[in-house]
Amino acid sequence: MGFFLMSKRFSMIYNVVIFCLVVFLIACTQDKTHKSGKILIEILYMNHGPVQPVLKKLKAEFKQFETKAEFQWYDFEKDLDFKKKKGIDFHVPIVIWINNKNSVEINGEKILLQGFPKNEGPKFARGVWEVKDLITAIKNITGD
């Protein structure tokens, strides 16, 4: 009987230790870098005329981070598995994720990186972010 009780106690302790270890390992992998050692920036975009000037501007700005960030571009109409993975089931010209998050905090304000930048593209499709917000967020992560 004593061994049986000890066995139950050991089993419970073992399960708690394993659980803590798994949580620790998951937390350790949630750092600021992608498997490449760089931050991961994913851009879902509509390959339409009004979006092209914004994409051109983003690509020009992103050049300064080539050694510190990995940029992955996804076409809204072609990369359907990516859209599904990210939960995008609505019409949106641009969505940007930095390390799997599509919002950033700038000066204490949470900014969603979705839609056109606030002063570009059609008014009905504008978001609340600006390209400078995105660049600031990337610099905050890279330490630039």
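I take buried to mean under 20% relative accessible area, exposed over 50%, and partly exposed in between, with a 1.4 Å probe and protein chains only. The model is predicted, and I note that local features need pLDDT of at least 70 and side-chain atom pairs count only at pLDDT 80 or more, while totals for chains, interfaces and linings use all residues. Residues are numbered from 1 along each chain as its sequence is written, and side-chain values use heavy atoms, with hydrogens and water left out.

I looked up salt bridges, each being a side-chain nitrogen of Lys or Arg within 4 Å of a carboxyl oxygen of Asp or Glu, and the count came to three.

Entry one. I find Glu-42 paired with Lys-86, their closest N and O atoms lying 2.9 Å apart. This pair links distant parts of the chain, 44 residues apart, with Glu-42 in strand E1 (residues 39–45) and Lys-86 in helix H3 (residues 80–86); helices (H or I, at least four residues) and strands (E, at least two) are DSSP runs, numbered from the N terminus. Glu-42 is buried at a relative accessible area of 3%, and Lys-86 also counts as buried, at 15%.

Entry two. I find a salt bridge between the side chains of Glu-120 and Lys-57, at 2.8 Å from N to O. Glu-120 sits in the loop between strand E5 (109–112) and helix H4 (131–142), and Lys-57 in helix H2 (residues 52–62), 63 residues apart. Glu-120 counts as buried at 18% relative accessibility, whereas Lys-57 is partly exposed at 35%.

I find Glu-130 bridged to Lys-118, the closest N and O atoms being 3.5 Å apart. Both residues lie in the loop between E5 and H4, twelve residues apart. Glu-130 is partly exposed at 22% relative accessibility, and Lys-118 is partly exposed at 36%.
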